[in-house]
Amino acid sequence: MFHRFFRHIKEGFIGVGRHFGMAISSASAVMITLVLIAVFVILTWNIQTVTSTIESSISIVASIDYEAESESSRSNIETAIKAIPGIDTVEFRDKDEEFTYYAEMQGEEERDFYEQYRSSNPFHDVFLVSVEDGLDIQEITSQIATINGVYGVYDGGTNTYTLVSLFANIRIFGGALVIALCLLATYLVYNTIKITIASRKDEIWIMRNVGAKNGYIRAPFLVEGVIIGGLGSLIPIILTIVLYYLMYDNLGGSLFGAFTLVEPFPFILYVALGLFVTGIGVGFIGSYISVCKYLRLRR
Amino acid sequence: MISIKNVSKTYHNGTHALYDINLEIQDSEFVYIVGPTGSGKSTLIKLLDGEEIPSKGEVIVQGIDVGKLKHSKVPLYRRNIGVVFQDYRLLPRKTAFENVAYALEVVDAPKDELRKRVREVLKLVDISDKSNAFPSELSGGQQQRVAIARAIANRPKILIADEPTGNLDPKKSDEIIRLLEKINREEKTTILIVTHDIEIVRHHPKRMIAIDNGHVVADLAEGGN
């Protein structure tokens, strides 16, 4: 059993050696797609981090009617808000704190000006509601507005909705692109193995003729595909690690001073591992499809 | 035993290769299948080794309905059948010994047994002295011997030889047929020789089945009756 396993591995390496030029050209094609995959993964991951920070800071402000300021109606409102699906946290801030919050946003002079009105504070008590998924914000806002005792709801309006859906689209686009690139890499390996098989047709024919099972014929080609994919992932892995560290250090960990970049460790190791697994995976799948297609045509 | 019942074969492109063939071949028989090019001989071989499925009728070999075999079971079935071709089809980068050993490696034979059996069959086909030679260093007749050794290494019940002497001169052809007779005798293997070389049949008379245009036109027992 082990003997046979190692024979397949050996045959796979011999196969790569035999078609070394082709293996290298295919590995470099895989390499290029993996570099692109790395770039997009790093980009989307960083965008994801930035957007989720922004998203989590988006909150709905629900102000409470002056008539509903009693302890019991306040807790009724809170329960009602918490009952809405998709709510993350609900935080209470009374009108006095609201007054201070807004006064502190003003300059020194205006603050003094505001302070004289503190006794006749026009602010409402509020609930600060944050949501789990930014895309639900509009829906949740309108639901909160219908709760008895809620005076008004503010969530930033159209700007917030646009921003949130833009973030979502960027994520979907990045994900789709990565999947498309994986498929492309698989196709490249598929083609290489197809040519390899064509050049070893006689050998496969003999194998079949002496009664080799399909798995036996398939194994060395799968090893070959995995080697090609693995080889193709080496340079992208090194590039990703080195360049990301360099970029992170040179930019001081943030982009335009506003967006914090994801820390290289352990993030970049995950990316590297992902690239390796992707390389091997596309190599395996590509050659598997290729060999199966060839074998299915023959009995 | 091989039993071919009402077998017809039509290829996807519409070519009719065989029409309603009926044949029975007993264990350990030695049979020639003769016929001109395009008569359907090759199709008959492909039906026997499971490469093609009959359009009608059934092909039963050692109790197995070959046409109904699942794709994944064909390899296991094929271990019952050795096939030898006119162009030998040896692996050029392997020695004679390795070529024969290959057939046994594929079926996962234990190493010791494998070496023993390879030596045994190389001796049987009388090419032990060339066991370390590559195919390119061997003559046509020697290569065919290696191919025969490979085909019988797994002790198949049936050995099919498709024009085994097609590329050989009369003397070498004669040797190959003698070798096949010896295998038939010593290993009790059923031998099917497909040929259009009538000289061979004359010098080594055996049962002869003649095929023409997809029909069996004659089935003569040994001696031509």
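Trainee: Where is Tyr88(B) found in chain B?

Mentor: In this predicted model, Tyr88(B) is found in the loop between strand 6 (81–85) and helix 3 (96–106) of chain B.

Trainee: What is the phi of Tyr88(B), and why is Tyr88(B) called buried?

Mentor: Phi is positive, about 65°, although Tyr88(B) is not a glycine. Tyr88(B) has 20 other C-beta atoms within 10 Å. The cut-off for buried is 20 or more, so Tyr88(B) is buried.

Trainee: What makes Asp126(B) partly exposed?

Mentor: Asp126(B) has 15 C-beta neighbours inside 10 Å. A residue is exposed at 12 or fewer and buried at 20 or more, so with 15 Asp126(B) counts as partly exposed. Asp126(B) sits in the loop between helix 4 (111–124) and helix 5 (140–153) of chain B. Asp126(B) is not a glycine either, and its phi is positive at about 60°.

Trainee: Why is helix 1 of chain B described as largely enclosed by the rest of the structure?

Mentor: Helix 1 covers residues 41–48 of chain B, and 6 of its 8 residues are buried, so the helix is largely enclosed. The buried residues in helix 1 of chain B are Lys41(B), Thr43(B), Leu44(B), Ile45(B), Leu47(B) and Leu48(B). After helix 1 of chain B comes Gly50(B), with a positive phi near 85°.

Trainee: Which residues have the most contacts inside the largest nonpolar core?

Mentor: They are Leu48(B), Val100(B), Leu122(B), Ala149(B), Leu159(B) and Ile160(B), in a core of 68 residues. Helix 3 of chain B contributes the most to this core, 8 residues. Membership takes buried residues of the nonpolar kinds joined through C-beta atoms within 7 Å.

Trainee: Which residues does Val100(B) touch, leaving out those up to four places away in sequence?

Mentor: Val100(B) touches Val118(B), Val121(B), Leu122(B), Val146(B), Ala149(B), Arg150(B) and Ala153(B).

Trainee: What is known of a second, separate core?

Mentor: The second core has 33 residues, including Val30(A), Met31(A), Val189(A) and Ile227(A).

Trainee: How do you know that Val30(A) is buried?

Mentor: Val30(A) has 29 C-beta neighbours inside 10 Å. Buried needs 20 or more, so Val30(A) counts as buried. Val30(A) belongs to helix 2 (residues 20–57) of chain A. Apart from neighbours within four places in sequence, its contacts are Ala185(A), Leu188(A), Val189(A), Ile228(A), Gly229(A), Gly232(A), Gly279(A) and Val282(A).

Trainee: What makes the bond between Phe265(A) and Pro266(A) stand out?

Mentor: The peptide bond joining Phe265(A) and Pro266(A) is cis, with omega about 5°. Pro266(A) lies in helix 10 (residues 264–296) of chain A.

Trainee: How many residues does each chain give to the contact between chain A and chain B?

Mentor: Chain A gives 14 residues and chain B gives 18 residues. On the side of chain A, the elements giving two or more residues are helix 8 (201–209) and helix 9 (214–251). Helix 8 of chain A has the largest share, 6 residues. By kind, the side of chain A that touches chain B divides into 5 nonpolar, 3 polar and 6 charged residues.

Conventions
Residues numbered from 1 in each chain as written. Chains lettered and ligands numbered in written order. Predicted model: local features only at pLDDT ≥ 70, side-chain atom pairs only at ≥ 80, totals over all residues. Contact = placed C-beta atoms within 7 Å. Helix = DSSP H or I, 4+ residues; strand = E, 2+ residues; numbered from the N terminus. Nonpolar A, V, L, I, M, F, W, Y, C, P; charged D, E, K, R; others polar.
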